[in-house]
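Colleague: Before I plan anything around this protein, could we go through its fold together, slowly and with the cut-offs spelled out?

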Amino acid sequence: MTDGESPKPTEPRLSASLILINSHNEILLVQRNPQAKSFAGQHVFPGGNFDAKQDTSLEWTAIRETFEEAGLLLALSDTPRTLLDVDFTQAREAVHGGQTSFSTFLINNNLRADVDALMPFTTWVTPPPSARRFRTTFFVAFLRDAVSSGLYSGKEHLPTPDGGQEVIRTRFLHPESAIEEFSTGKISFFPPQYYILETLRPMLTGSSSTESQRNAIQTLSRTTFGQMVINPKLFRVNDGVDEAFVYEGDELRGGPKGRLHRMVVERKGAPFSQMNLWRNFDLFTQCPVEVHIPKL
């Protein structure tokens, strides 16, 4: 690199995250340890990096990480009683600590990861010049009561695999409540999590999941929205007054005049103290799609 040249951006690491919805229309959120290298102190959906040594797909990554971080297992079995007999705490410690692989744990307990339950729900790429970059595919799934492993709405649960070094809190929270807590400064998010919660908020009304709500989310996943790849670019908007992450399809990114697809943000105290999603197109029919999908 010669003087004046910008350093080459780091290659984003493949990762996966799971948006897990329970029967009360609440979504599982985990709070990262404030000392964590990535997303310190933030509320996120469970997830992590693709591990080529043990993950067969990004869906597998999302299921494994959710098991490690929250003790929730999306799995199927020909003998359902097995799910109730497994010592989840011991298994989480062993898998997380590397004493056994996730696949070995499943095989030994006659289980198989329920990868078909996961539906794609956008992919986000960390923009340069961030040193730690990720290409994260988000999946959405509905929690089966039979595999909840004792983690119910309203109860806080401290994951035990690493003594809270990665995650210090997990809970189910309705999108409306999560956004309200963010707005009042009780919790903090990064733009991808806020974007997804805002997307699901009008779809998950009420405190009991209905078939029509689940069908709507499944339909959205099957449209171009599910495959949409978002590469944020930072702009000054509103005559330079506001800062915004501008996404694919926005008029500032070559979209039709008047098309808005951006997150206006404020940074005071927390990484993002306020966020406002501006999006004025139909999610089911007008989402931009990236053609290139990297191989695992």
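Predicted model: local features only at pLDDT ≥ 70, side-chain atom pairs only at ≥ 80, totals over all residues.

Modeller: Residues are numbered from 1 along each chain as its sequence is written, and side-chain values use heavy atoms, with hydrogens and water left out.

Colleague: What share of the 296 residues of the protein counts as buried?

Modeller: The secondary structure comes to 8 helices and 14 strands, where helices (H or I, at least four residues) and strands (E, at least two) are DSSP runs numbered from the N terminus. Buried means under 20% relative accessible area, exposed over 50%, and partly exposed in between, with a 1.4 Å probe and protein chains only. By that definition the buried share of the 296 residues is 51%.

Colleague: How many of the 13 residues of H1 are buried?

Modeller: Helix H1 covers residues 58-70, and the buried residues of H1 include Trp-60, Arg-64 and Glu-68. H1 is largely enclosed by the rest of the structure, because the number of its 13 residues that are buried is 12.

Colleague: At roughly what angle do the axes of H1 and H3 cross?

Modeller: Phe-67, Glu-68, Glu-69 and Ala-70 in H1 meet Phe-88, Ala-91, Arg-92, Val-95 and His-96 in H3, a contact meaning heavy atoms within 4.5 Å. Axes are lines fitted to C-alpha atoms, for helices over the stretch in contact, and angles run from 0 to 180 degrees between N-to-C directions. The axes of H1 and H3 (residues 88-97) come within 9 Å, and they cross at roughly 115°.

Colleague: Which residues does Leu-200 touch, not counting residues up to four places away in sequence?

Modeller: Some partners of Leu-200 belong, like Leu-200, to the group that touches the most other core members, among them Ile-19 and Phe-121. With that sequence limit, the residues touched by Leu-200 are Ile-19, Ile-27, Phe-121 and Ile-217.

Colleague: What separates the C-alpha atoms of Val-264 and Val-237?

Modeller: Val-264 is placed in strand E13 (residues 261-266) and is buried, with a relative accessible area of 11%. Val-237 is among the residues that Val-264 touches, as are Asp-242 and Trp-278. Although Val-264 and Val-237 are 27 residues apart along the chain, their C-alpha atoms are separated by 8.3 Å.

Colleague: Is Asp-239 buried or exposed?

Modeller: Most residues other than glycine have a negative phi. Asn-25, not a glycine, has a positive phi of about 65°, and at 0% relative accessibility Asn-25 counts as buried. Asp-239 also has a positive phi, near 60°, and lies in the loop between strand E11 (233-237) and strand E12 (242-246). At 84% relative accessibility, Asp-239 counts as exposed.

Technical notes. Core = buried A, V, L, I, M, F, W, Y, C linked by side-chain atoms within 4.5 Å.
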